[in-house]
Amino acid sequence: MQGHDAGAADLVQLLTPEGERRDHPDYPLELPADEIKALYRDLVLVRRFDTEAVALQRHGELGIWASLLGQEAAQIGSGRAIGPRDMVFPTYREHGVAWCRGVDPVRLLGLFRGTSHGGWDPAERGFHLYTIVIGSQTLHATGYAMGIQRDGAVGSGEDGEAVIAYFGDGATSQGDVNEAFIWASVFNAPVVFFCQNNQWAISEPLERQSRIPLYRRAAGFGFPGIRVDGNDVLACLAVTRKALQAAREGQGPTLIEAYTYRMGAHTTTDDPTRYRLASELETWKLKDPIERVKAYLARSGAADTSFFNDIEAEADQLGARLREACRAMPDPEPLSLFDNVYADPHPILDAERAQFAAYLDSFDDAEPGGPGPAGTRPGAELAGGEAGR
Amino acid sequence: MTKLTLSRALNEGLRRALEDNPKALIMGEDVGRLGGVFRVTDGLQKDFGEARVIDTPLAESGIVGTAIGLALRGYRPVCEIQFDGFVYPAVDQIVSQLAKMRYRSRGNIALPVVIRIPCGGGIGAVEHHSESPEVIFAHTAGLRVVACSDAADAFTMIQQAVRCDDPVIFFEPKRRYWDKTEVDTAAALDGALPLDAARVVLGGSDVTLLAYGPMVKVSVAAAAAARQEGRSIEVIDLRSLSPLDMATIAASVKRTGRCVVTHEAPVFAGLGAEIAARITEECFYLLQAPVLRVGGFSTPYPPSRLEEHYLPNLDRVLDAVDRTFAY
C-alpha cells in the first residue's frame, strides 16, 4: 500500500545510507566525533551480542532468542537519548536499549535460557522487565508517567522525568496500545511512544495492521506523531531527545515511528522464507544501520583503521564472555519455583512447598546411582516421582 | 458504633485509607464527580482532589494497566470495575501482568493494587450486571481474592486490602450494598480479623454451611429456619477465597461431619469443588456425607425474571442440608 512508503518528505534523516550528514530544521544535532564513535561502538557491540545469542540458541544453550538484527540504530539512538532519571518499558526485543541502560546482557540471556523471567531490578536500571504479551507495557508506561505527574516531577526543567514505551508495528493493533494513547492524551502524561516499525509482525506485513502510516495515528489521539529513519542512529537520537524533553517539560506524549526492518527471523523458531522475498532483505541491507556510521566516520577522518579494529576486538571479547557466562549459568534450585509469588505468607502455597520439599527429600534414601529427582535421567523431568518408587 | 450500609462502610473505609496513606489512589469509571454508580466513592474526589480520585476513560484494561504503572511508581491504586461482567477486558492485565509481576521480578516489584468488583445478581439487572467471576481470579496464582458480606467487615477489609502488598481482587455483593449493620468506625485496624481468615458467623453442631459475599445472609436465614426444626447449622463466612482458610473450615467440618458449600457462581468447577476436594482430603474419616454444593447452574446468567430460580435461596440450601442427612 502506497501510504506506508517512507518518502523523504515525512522521514527525519540525519545520516543517509551512504553515510552523508543531512540537516533537519526541527532536529539540529551537533555531536562531537567522540560521541558518534561511541554510538558506533554501541551498535557493533549489541549486534555482536545478538549474533552470539542466536548462536547460543543454535547450540542448545538458549530455548529461544528474539533477534534485534537491523534495529540497532533505532534502539541505540533512542536508548542514548534517555536520561538517567527516565523510565523505560521495553518489549522482549529491546536488547540494545537494555545495553544503554547498563543491564548486563547475561541477565537477558537468562530469560531466554529459562533460568528466570527477568533477572534485573527495574528500579535500579530505570529499565522495566521485558513484557512478552504484545502492547501491555504501554499502559504500564502511561500509568508510571501519571505517577511522575503526581510526584510533581514533570515540567521542572533539568529535574524533569519522563517515560519511554517501546512496541512494534503489530502492537499498534492492540487495544492496550490504543488505550494507552487515549490515557496519555487526556491526562497529558509525560510518555514517549517509540514504535519500531520493522515491517513484520512475525509473518504479517504492515498492511495487515494499518491503512495509514503509523505515525499519523497520533493525530487522531491528539498528540504529535513523527516518523524517523529507524536505521539512522543520529536521527533516532535527535528525535527521541526532543520528544523526551517535551514530555519532561509538561508538553505531553509523542508517538515516534522508527521506520526500520527486521533483518532476521521473528525469533529463532521462525522461518521468514515462508512469507517474504529475499530481495526485500537485500534492499534493506543497503540501508544497514551500522555501515552508514562506519562510512561517515571513515570518510570524515574521525576514525581510522585502528579504531575499527579495536571495536572488533572488543566485540570478540564480549562474545567470548557471553558464551562462557551463558554456559556457566546454573539452573535454579527446585524449591525456588515457589518463591516470590506473594509478599505475605500464603497457607495453600506454603503447604505445597512443604509437600514438594518432602517429596524431593524422599529421594535421599534412594540407592546411590539410582534414579533421582527431576533431571537426573534424560527425559525424566516430569516422571521423576515414578522413577523413585 | 454506627449503623451503616455496606456501600457507606466501604466509603468510610476508603476515606480512611486515603487519609492514612498519601500514596493511595482511587480510579475508575464515574468514581469522581458522580461518586460511583453505587456511590461507594461518594464525596471522595471533592475531599481528596482529582489527582487522587481519578475519573478514567471507559476502558477496563486501561484502568488496570495504568494502575500497574502507578503502582510501579510507588502508588497504591484502588480500581473500581463498574460491574462484574465488565472485568473481562481487564483480565489480561490482571492475570498476565498484575498477578505475575512479583514472580517475574523475583521479588523486586510489589504491586499493591486493589480491584473492587461489585458482584452477583438479585437486582433485576440486564445482562452482564449479575455475574460471579471470582473463580477466574482464585485460579490465578499471585492474586488474593476476598469477598465482604456485610458493612462491618467491608469497612475493615477494604482498608486491609489497601494495606496489603499483594494485588487484591475485592468482591462486593451488590444486592447487599444497602443492607445496614453496626460498624465500629473508631476501631483500630491492627486488632481486626486478618484479611485471609474465615469467620464463624453462627455456631452449630450438625452441619457446616460455607458461604461468602451475598450468600452469607441467605445462609444465616437458612440456619435460623433449620433451628426451628431442631437442626443446628454452623455458618462460616469464607471472606478469603484465595487463599482459603482451610484450618477454620476443616476444624468445623471435623466437628459436624457434614458440609454444604453455597455460592452464586456456577457449581461446575466453582470454588465449592475446590473446597469439597480439600475437605475430602483433610476430613475423610470424619465425614458422614459427601460435601454438597448449591450454586448457579451451568447456564449463562439468565434474564432477571428468571434469576430467582437461578440464584441459590434458603429452600435450595436447606434442601442440600436435608440431603446430607439422608446418607
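At what angle do helix 9 (residues 246-256) of chain B and helix 10 (residues 271-283) of chain B pack? The legends below begin with that view. This is a predicted model, in which local features need pLDDT of at least 70 and side-chain atom pairs count only at pLDDT 80 or more, whereas totals for chains, interfaces and linings use all residues. Residues are numbered from 1 along each chain as its sequence is written, while chains are lettered from A and ligands numbered from 1 in the order in which they are written.

**View 1. Helix 9 of chain B packs with helix 10 of chain B.** The two helices pack at an angle of about 60°, with their axes 10 Å apart; axes are lines fitted to C-alpha atoms, for helices over the stretch in contact, and angles run from 0 to 180 degrees between N-to-C directions. Helices (H or I, at least four residues) and strands (E, at least two) are DSSP runs, numbered from the N terminus. The crossing of helix 9 of chain B and helix 10 of chain B is right-handed, a term used if the near helix is turned clockwise from the far one by less than a right angle, with left-handed for anticlockwise. On helix 9 of chain B, Met246(B), Ile249(B), Ala250(B), Val253(B) and Lys254(B) meet Ile275(B), Arg278(B), Ile279(B), Glu282(B) and Cys283(B) of helix 10 of chain B, where two residues are in contact if their C-beta atoms, placed from the backbone, lie within 7 Å. By class, this contact has seven nonpolar, no polar and three charged residues (Ala, Val, Leu, Ile, Met, Phe, Trp, Tyr, Cys and Pro count as nonpolar, Asp, Glu, Lys and Arg as charged, and the others, Gly among them, as polar).

**View 2. Chain B touches chain A.** The contact takes 35 residues from chain B and 33 residues from chain A. Helix 3 (60-72), helix 4 (91-98) and helix 5 (101-104) of chain B each supply at least two residues of the side of chain B that touches chain A, and the largest share of that side, nine residues, comes from helix 3 of chain B.

**View 3. A cis peptide bond joins Ser242(B) and Pro243(B).** Omega of this bond is about 0°, and Pro243(B) is found in the loop between strand 12 (240-242) and helix 9 of chain B.

**View 4. Arg106(B) has a positive phi although it is a residue other than glycine.** Its phi is near 55°, and Arg106(B) lies in the loop between helix 5 and strand 5 (114-119) of chain B. Arg106(B) is partly exposed because 18 other C-beta atoms lie within 10 Å; a residue is buried if 20 or more other C-beta atoms lie within 10 Å of its own, exposed if 12 or fewer, and partly exposed in between, with C-beta atoms placed from the backbone.

**View 5. Tyr177(B) is found in a loop of chain B.** This loop runs between strand 7 (168-173) and strand 8 (180-183) of chain B, and Tyr177(B) counts as buried because 20 other C-beta atoms lie within 10 Å. Leaving aside its neighbours within four places in sequence, Tyr177(B) is in contact with Thr5(B), Leu6(B), Ser7(B) and Phe38(B).

**View 6. Ala184(A) lies in helix 7 (residues 175-186) of chain A.** Ala184(A) counts as buried because it has 32 C-beta neighbours inside 10 Å. Ala184(A) and Thr138(A) are 46 residues apart in sequence and 9.7 Å apart in space, C-alpha to C-alpha.
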